[in-house]
Amino acid sequence: MKNILFAAAEAVPFIKTGGLADVTGSLPFAFSPDEYDVRVILPCYTSIPAPLREAMRDVTHFDVQFNGRSRYLGIRELTHRGLHFYFIDNEDYFGGPAPYTDYMYDIEKFCFFSFAVLAALPHIDFRPDLIHCHDWHTGLIPPYLATQFRYDSFFDGIRTVFTIHNLKFQGICGRDELRAISGLPADLFAQGPLCSGSCGNMMQGALYYADLVTTVSRTYAQEICTPEYGEGLDRFFAQRTGRFFGIVNGIDNRVFDPASDPALKRHYDVSHVKAGKAAAKAALQKELGLEPDPEALLLAIVSRLTDQKGMDLVLPLLEKITGGPCQLVVLGTGEKRYEESFRRMADARPEKMAVKTLYDEALSHRIYAAADAFLMPSLFEPCGLSQLIALRYGTLPIVRATGGLKDTVRSLDKEGQNATGFVFENYDVGGLNWALDLAIKTFFADRKTWEKMRRNAMREDFSWNRSAEEYSRLYRQLLP
Ligand code: ADP
């Protein structure tokens, strides 16, 4: 039996701002309990829902020296659905209404979190053989392990895997600031592992020191070896041949299941998809004040509203979408310019388009169930979970062939009867327009194919089992 500790800034059901939380809150359950004891360590945000915070038990607390002064480090724990979670408590860092606050303060709080995870280990009844770190927030765990903590024999032989969920966010600040905050040895900054020029970079530290690095789809793993997608770190990936892998994400099939989803009034599976989705569509049209038209092609977006998600391609097509036989529902928050543009169009044509600029898990499930097609024309997409959820609910994704979207959606023009969606290549409005036209044509003129695609989509298996097996294979490489 090997011990694996997941370290991350988010995990459902404790705290979620995006797909990272879905992964860290569901992948740990997919490993064989005979082979691995997988546990998770998170910051103890005060924004974690009160019932979950109140259920936590105190393990211990002590002070550590960090960034020039003595800091409180509390450790709390909770067993949730049979899985053991630990929490690093420090209200100065993890207080407030949201997990992320001011950029520089976030850098400092996650330097502290990385340090605190290692400082906590000798005080819990669990010595990991391997720490699986997720995204830049945990980027300093491998460098701390390789430097300050290596003098303590407790840490001998602990291996690290680092998974990139989004390379766009690296934890970059001034080199001297990062050195001062982290307290890591000066030579890491003089020679390069933690800096490029005058910039300090937390993720770069993990890329340098982690035993293995992964990212969340095969195509994204190839893409980030190129300057176009590499966000300045492409040379690190290109050099890591044999130590850098792409493993596609899964989804929690119990949480995302139209046959049992508590957010839905009427449940459905692949044999009852037509009636199930028709009921969900009628209910959503009523809820959001859309025209109660069972024949409309209902398109949906559930997303952060940012340029990454391809919103610049959607805006020029709003007129066309809402002027024709389609309806559009948008659930998302993000950049004001997108929120406002969507709202303006929804105000002009409320019978055709509805916008909710908030974060609402239950509404998102009702939308996945009700929509006919899901728009996700991303500029880049490490993996993407939304299209996997859409597939599971029989909602056909319209996506760009990038990252995980390319790996998980089979396009009608290439795959014919095996298709699960509509995929375009080039990041331009013409590309999305082409895919949208193909979807419209199929929906209105070839319903048989549409229904076949819908069944294909629902029969896809994006549960975690396959990906967990791939991660297990990597763990075995490091823990013979
Ligand atoms: P990201 O890049 O944001 O992590 P993913 O597609 O990997 O994108 O995951 C996004 C997750 O967040 C999905 O589960 C999606 O349904 C959910 N989500 C995004 N925006 C909202 C919202 N406004 N309300 C509810 N869920 C949302």
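**Strand 5 and its neighbours**

Mentor: Strand 2 (residues 36-43) and strand 5 run parallel, joined by 4 bridges; strands pair if DSSP finds at least two bridges between them, and they are DSSP E runs of at least two residues, numbered from the N terminus. Keep in mind that this is a predicted model, where local features need pLDDT of at least 70, side-chain atom pairs count only at pLDDT 80 or more, and totals for chains, interfaces and linings use all residues. Residues are numbered from 1 along each chain as its sequence is written, and side-chain values use heavy atoms, with hydrogens and water left out.

Trainee: Which residue in strand 5 is the bridge partner of glutamate 77?

Mentor: Strand 4 (residues 69-80) runs antiparallel to strand 5, with 7 bridges joining them. The partner of glutamate 77 is tyrosine 86.

Trainee: How many residues of strand 5 are buried?

Mentor: Buried means under 20% relative accessible area with a 1.4 Å probe, protein chains only. Leu83, Phe85, Phe87 and Asp89 point one way, His84, Tyr86 and Ile88 the other, and all are buried. For strand 5 (residues 83-89), that's 7 of its 7 residues.

Trainee: Within what arc do the buried residues of helix 6 fall?

Mentor: Helix 6 (residues 175-182) has Leu178, Ile181 and Ser182 as its buried residues. They line one face of the helix, because, going by directions from the helix axis to the C-beta atoms, they fall within an arc of 85 degrees.

How values were computed: Buried < 20%, exposed > 50% of the residue type's maximum accessible area, 1.4 Å probe, protein only.
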